[in-house]
Amino acid sequence: MTNMTDTMNRAKVTNSWRAGLQRGGIELRHLLRNGKEMTGHLANVVVALLVAAYLGDDVPGTRTPMTHLVLAGFAAYMLFQVGLINLPQILVTEREEGALLRLRATPGGIPAYVVAKCLLMVVLAVGTLALLLTAGALLVDGPLPQGPGGWLTLLWVTTLGLLAVLPLGAAIGAVLPNPREALALIMLPTMGLLITSGAVFPITALPVPVQQVAAVFPLKWMAQGLRSALLPDSARAAEVAGSWELPMVALVLTAWAVLGFLLAVPLLRRAARRESGSRLTARHRKAAQSGALAA
């Protein structure tokens with residue numbers, strides 16, 4: 001009996017993964033065909049390149065160009081943005097459109113849905129990162145990893161960074177009230193972290209209390225890990241500890257990944273259980289009335 005139960009559970013997990021990967025592939029094709037949405041993601045790369053192009057000084061205390069530090073920071077922020085801005089917005093919008101309600105009637109619906117969204121976001125994040133680094137190297141003499149060690153560090157920091165922010169973004173998307181308020185609720189904190197996490201200028205230039213607060217969140221460590229992959233060792237002089245602290249980077253990002261996974265699926269299941277036809281209709285009616293009043 002136990003063996004049969006284990007077999008059934010494994011089959012459910014396998015089916016959820018298969019369904020999630022298939023759904024993710026379909027959504028990825030839709031994204032690539034959506035010119036408006038793709039333009040928005042490309043605009044982020046253009047803004048990063050324009051900012052980097054106008055910086056001519058070196059990082060204080062080093063011979064590393066500020067352009068390199070800023071591009072490494074923007075690379076980290078784009079990964080962070082995909083997980084904690086784009087994904088929550090998608091989830092709350094689809095919830096308002098009734099996606100979670102439909103998942104209640106689909107076997108393995110929530111796990112497959114999470115797999116699909118994570119696949120979509122991973123491809124988007126990695127594609128954006130690759131475009132930024134390639135365009136930066138070609139257009140503004142931006143940094144690229146030096147040697148196998150640099151590429152390996154870029155790989156594991158990117159992987160752990162996405163594992164840290166994607167489940168957390170899914171959890172946030174499950175509790176946000178509606179698409180109209182979602183952007184306002186998540187944009188201000190993420191922009192604050194961009195400024196305070198050492199992504200756009202040396203973190204040592206910030207007050208110590210700000211550095212300590214930033215160290216709690218994953219963006220600071222994602223940016224520091226990517227700097228270690230992209231910048232020369234001499235740039236460590238601009239770090240708080242005078243080193244890249246890669247073990248701490250791995251520890252903090254892993255902790256956020258575990259927290260996100262513990263929160264994401266239960267919160268999405270709770271959101272799906274709370275969905276009903278009457279709730280969906282009421283939200284649509286309220287949105288229509290708000291639109292009419294705004295007009």
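Close-up 1. Thr153 sits in helix 6, residues 147-175; helices (H or I, at least four residues) and strands (E, at least two) are DSSP runs numbered from the N terminus. With a relative accessible area of 12%, Thr153 is buried, where buried means under 20% relative accessible area, exposed over 50%, and partly exposed in between (1.4 Å probe, protein chains only). Leaving out residues up to four places away in sequence, Thr153 touches Gly225, Ser228 and Ala229; a contact here means heavy atoms within 4.5 Å. This is a predicted model, so local features need pLDDT of at least 70 and side-chain atom pairs count only at pLDDT 80 or more, while totals for chains, interfaces and linings use all residues. Residues are numbered from 1 along each chain as its sequence is written, and side-chain values use heavy atoms, with hydrogens and water left out.

Close-up 2. Look for Val114 in helix 5, residues 109-139. Val114 counts as buried, at 16% relative accessibility.

**Close-up 3. Helix 3 and its kink.** Helix 3 runs to 31 residues and reaches 43 Å from its first C-alpha to its last, close to the expected 45 Å; that expected span is 1.5 Å times one less than the number of residues. There's a kink of about 40° centred on Gln81, with the bend at a residue taken as the angle between axes fitted to the seven residues ending there and the seven starting there. Helix 3 is largely enclosed by the rest of the structure, because 29 of its 31 residues are buried.

**Close-up 4. The patch at Val46, Leu50 and Tyr54.** These three residues make a nonpolar surface patch of about 360 Å². Patches are built from residues with over 30% relative accessible area and no salt bridge, joining like charges within 9 Å and nonpolar side chains (Val, Leu, Ile, Met, Phe, Trp, Tyr) within 5 Å. A salt bridge is a side-chain nitrogen of Lys or Arg within 4 Å of a carboxyl oxygen of Asp or Glu. Areas come from Shrake-Rupley with a 1.4 Å probe, and for residues only the protein chains shown count as cover. Tyr54 is in the loop between helix 2 (35-53) and helix 3 (66-96), and is exposed at 72% relative accessible area.
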